[in-house]
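Here is a friendly briefing to read beside the model. Please keep the sequence and the 3D view open as you go through the points.

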Amino acid sequence: MGQRAAGERLDESEIASRFGVSRTPVREAINQLASIGMVEQIRHRGAFVRRVGIGELVEMFEVMAELEGLAGRLAARRIGAAALATLQLRLEDCRQAAARNDPDGYYYENERFHAAIYAASGNSFLQGEAARLHQRLKPFRRLQLRVAHRMRQSLREHEAIVAAIAAGDGAAAEDALRAHIVVQGERFGDLNAQLGIR
């Protein structure tokens with residue numbers, strides 16, 4: 001995820017050879033990526049990593065912030081002891097990755113952390129929609145962790161989110177998650193710089 005540049009052509013034969021598979025599963029994977037908007041298929045030209053304009057990207061982060069906020073609010077009301085223990089474990093995993101200064105490890109633990117919040121919301125439809133958009137935003141979320149100090153800041157935000165959920169404070173959990181996700185101010189400029197947008 002995030003290893004190919006926007007606009008890059010996806011060569012089915014090269015990908016199949018790289019992974020030691022036939023072209024059929026590669027073609028199916030490309031079709032799935034196209035169905036979620038990550039790949040653009042152009043007739044008689046092939047499949048390309050879809051370019052996302054900064055306006056569209058900001059809009060996706062805005063929607064993601066609202067979905068995450070709702071999941072946090074519901075989780076604060078509905079979370080049980082086992083789900084809270086899982087969320088606290090996911091937070092500890094994020095803490096350990098940050099202590100190792102491991103942005104790749106933190107990225108994967110962050111994904112598990114957010115999935116635990118979606119599950120704790122008790123709303124399977126919300127869980128599915130949030131997971132789909134989270135998947136769509138993966139390459140951009142990963143880039144944010146490369147910005148100086150973002151991983152440590154993200155961890156502090158995670159701690160506040162877990163504290164609010166554990167306290168049953170739905171409004172605080174919603175606000176904390178919304179602020180954690182939305183791309184604004186300096187983070188917007190940092191993301192632009194990472195994407196090479198001027």
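In the hairpin of β2 and β3, three residues sit between the strands, and H44 takes a positive phi near 65° there. This is a predicted model, in which local features need pLDDT of at least 70 and side-chain atom pairs count only at pLDDT 80 or more, while totals for chains, interfaces and linings use all residues. Residues are numbered from 1 along each chain as its sequence is written, and side-chain values use heavy atoms, with hydrogens and water left out.

**The sheet**

- β2 (residues 39–42) and β3 (residues 46–49) pair in the antiparallel sense over four bridges; two strands pair if DSSP finds at least two bridges between them.
- Helices (H or I, at least four residues) and strands (E, at least two) are DSSP runs, numbered from the N terminus.
- Together the three strands form an open sheet in the order β1-β3-β2, with β1 (9–10) and β2 as the edge strands, each pairing on one side only.
- As background, strands of a sheet pair through backbone hydrogen bonds, either parallel or antiparallel.

**Nonpolar cores**

- The largest nonpolar core has 41 residues, and M64, L87, Y106, F113, I117, L137 and I165 touch the most other members.
- Such a core is a set of buried Ala, Val, Leu, Ile, Met, Phe, Trp, Tyr and Cys residues joined through side-chain atoms within 4.5 Å.
- At least two residues of this core come from each of α3, α4 (81–99), α5, α6, α7 and α8, and α3 gives the largest share, 10 residues.
- Another core, of eight residues, lies apart from it and includes L10, I15, I30 and A47.
- Beyond residues up to four places away in sequence, Y106 touches C94, A97, A98, L145, M151, S154, L155 and H158; contact means heavy atoms within 4.5 Å.

**The cavity**

- The structure holds one cavity of 30 Å³ or more, and about 140 Å³ of space lies in the largest cavity.
- On a 1 Å grid over the protein atoms alone, a cavity is a set of points where a 1.4 Å probe fits but cannot get out, and lining residues have an atom within 4 Å of a point.
- Grid points are joined across faces, edges and corners, and the volume is the space filled by probe spheres set on the points.
- Its lining has 11 residues, with N110, R141, Q144, R150 and H180 nearest the centre.
- Elements giving two or more residues to that lining are α5 (103–120), α6 (124–144), α7 (150–166) and α8 (170–181).

- E68 is found in helix α3 (residues 54–78) and is buried, at 0% relative accessible area; buried means under 20%, exposed over 50% and partly exposed in between (1.4 Å probe, protein chains only).
- Leaving aside neighbours within four places in sequence, E68 is in contact with H114, Y118, H134, R141, L177 and I181.
- D104, in helix α5, is partly exposed at 31%, and its contacts beyond four places in sequence are R142 and R146.
- A172 belongs to helix α8 and counts as partly exposed at 30% relative accessibility; its C-alpha atom is separated by 7.8 Å from that of I161, 11 residues apart along the chain.

Notes:
On a 1 Å grid over the protein atoms alone, a cavity is a set of points where a 1.4 Å probe fits but cannot get out, and a pocket is an open set with protein on both sides within 12 Å along at least five of seven lines; lining residues have an atom within 4 Å of a point.
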